[in-house]
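Take a look at the model below.

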Number of protein chains: 2
Amino acid sequence: MKKPDAVAVLGALAQDSRLDVFRLLVEAGRQGMPAGHIAASLKLPPSALTFHLDRLREAGLVTVTRDGRSMIYAARFDTMNALMSYLTDQCCQGRPELCVPAAKPARRREKVR
Amino acid sequence: MKKPDAVAVLGALAQDSRLDVFRLLVEAGRQGMPAGHIAASLKLPPSALTFHLDRLREAGLVTVTRDGRSMIYAARFDTMNALMSYLTDQCCQGRPELCVPAAKPARRREKVR
DNA sequence: GCACTATTTCAACAACTGTTGAAATATGAA
DNA sequence: TTCATATTTCAACAGTTGTTGAAATAGTGC
């Protein structure tokens with residue numbers, strides 16, 4: 001991921017309603033969710049939802065497919081993945097331990113033998 | 001980190017000049033860098049730089065201290081750290097392996113037996 | 001075809017953002 | 001004190017963003 005893409009993805013997530021939409025789609029997982037269901041969950045007027053979904057799609061954070069009269073939106077984990085890598089590389093001196101506690105081996109493995 | 005903070009931090013990074021400034025400060029490390037040096041490196045007019053540094057500071061991404069007539073800005077890794085955790089939790093289903101390749105144990109285990 | 005549902009498009013508008021240059025402030029040196 | 005340097009403040013301005021509601025489009029079923 002290059003800088004302009006990172007700026008676009010960060011900008012797409014840097015807004016209240018859009019962060020809500022994206023988190024909802026993350027929860028929904030790979031199968032996604034119809035636009036109407038998102039609108040109902042978040043109480044967003046349909047035109048506002050379309051506006052935000054467009055921006056998420058332009059940033060590569062969601063995919064759309066039609067199913068009958070519904071449009072199914074789903075989170076793109078690969079883009080999120082690329083953003084996390086970009087931030088780790090560019091904004092954490094490439095040293096995950098500086099910014100990513102998750103990178104600790106952690107908890108499960110008893111002992112590395 | 002809560003949602004409004006995450007939105008603020010994402011917004012602070014979601015801009016060309018600011019992402020440049022922050023990356024430069026990450027490179028500079030804990031000792032930071034005087035504003036003038038940043039302005040020179042990135043060829044930003046001083047008033048524009050102040051504007052962007054203010055936003056980074058409001059988002060908690062940099063600290064400032066005075067040294068003589070210079071203002072020394074430094075990246076706050078703890079805030080970046082908190083953002084990474086927030087994104088991993090809220091936008092990757094809390095499953096780092098979905099979005100954080102670094103978190104994969106990776107490569108070493110021959111076979112899951 | 002007509003009615004019905006799901007979603008997008010469009011225009012309007014207030015609010016916010018990023019950039020600029022000139023003036024103000026703060027510190028240090030002579 | 002006066003001069004020079006480092007940075008911030010301020011006002012102005014064009015451009016972008018988010019929200020709204022009404023109208024348009026696309027698909028389904030009768």
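In what order do the three strands of the open sheet of chain B lie? The order is E1-E3-E2, with antiparallel pairing. Strands pair here if DSSP finds at least two bridges between them. The elements themselves are DSSP runs, numbered from the N terminus: helices are H or I with at least four residues, strands are E with at least two.

Before going further, note that this is a predicted model, in which local features need pLDDT of at least 70, side-chain atom pairs count only at pLDDT 80 or more, and totals for chains, interfaces and linings use all residues. Residues are numbered from 1 along each chain as its sequence is written, while chains are lettered from A and ligands numbered from 1 in the order in which they are written.

Stay with the sheet of chain B. Its edge strands are E1 (33–34) and E2 (62–67), and each pairs on one side only. E1(B) and E3(B) run antiparallel and are joined by two bridges. E2(B) and E3(B) are also antiparallel, and pair over six bridges. Look at B:Tyr73 in E3(B). It is the bridge partner of B:Met33, and B:Val64 has B:Tyr73 as its bridge partner too. Elsewhere in E3(B), B:Ser70 stands opposite B:Asp67. The hairpin of E2(B) and E3(B) has two residues between the strands, and B:Gly68 takes a positive phi near 65° there.

Now turn to chain A. Here an open sheet of three strands has the order E1-E3-E2, again with antiparallel pairing. E1 (33–34) and E2 (62–67) of chain A stand at the edges with a single partner strand each, so one side of each has no neighbour in the sheet. Six bridges link E2(A) to E3 (residues 70–75) of chain A in the antiparallel sense. Two positions in E3(A) can be picked out. A:Met71 is the bridge partner of A:Arg66, and A:Ser70 faces A:Asp67. In the hairpin of E2(A) and E3(A), two residues lie between the strands, and A:Gly68 has a positive phi near 60°.

The helices come next. Two packed helices are described by the angle between their axes and the distance between the axes. Axes are lines fitted to C-alpha atoms, for helices over the stretch in contact, and angles run from 0 to 180 degrees between N-to-C directions.

Start with H3 (residues 35–42) and H4 (residues 46–58) of chain A. They pack at an angle of about 110°, with axes 10 Å apart. H3(A) is therefore roughly perpendicular to H4(A). On this scale, angles under 35 degrees count as roughly parallel, over 145 as roughly antiparallel, 65 to 115 as roughly perpendicular and the rest as oblique. The crossing of H3(A) past H4(A) is right-handed; a crossing is right-handed if the near helix is turned clockwise from the far one by less than a right angle, and left-handed if anticlockwise. Which residues of H3(A) and H4(A) meet? A:Ala35, A:Ile38 and A:Ala39 in H3(A) meet A:Pro46, A:Leu49 and A:Leu53 in H4(A). Contact requires C-beta atoms, placed from the backbone, to lie within 7 Å. The residues of this contact divide into six nonpolar, no polar and no charged. Ala, Val, Leu, Ile, Met, Phe, Trp, Tyr, Cys and Pro count as nonpolar, Asp, Glu, Lys and Arg as charged, and the others, Gly among them, as polar.

H2 (residues 16–28) of chain A also packs on H3(A). Their axes come within 11 Å and cross at roughly 120°. H2(A) and H3(A) are therefore oblique to each other. This crossing is right-handed. A:Ser17, A:Asp20, A:Val21 and A:Leu24 of H2(A) make the contact with A:Ile38, A:Ser41 and A:Leu42 of H3(A). By class, that contact has four nonpolar, two polar and one charged residues.

In chain B, follow H2 (residues 16–28) to H4(B). The two pack at about 75°, with their axes 10 Å apart. H2(B) is therefore roughly perpendicular to H4(B).

Finally, the DNA. A residue is near a strand if its C-beta atom, placed from the backbone, lies within 6 Å of it. By class, the surface near DNA strand C has eight nonpolar, eight polar and three charged residues. DNA strand D is surrounded by 19 residues, the closest being A:Ser47, B:Pro34, B:Gly36, B:Pro46 and B:Ser47.

How values were computed:
Contact = placed C-beta atoms within 7 Å.
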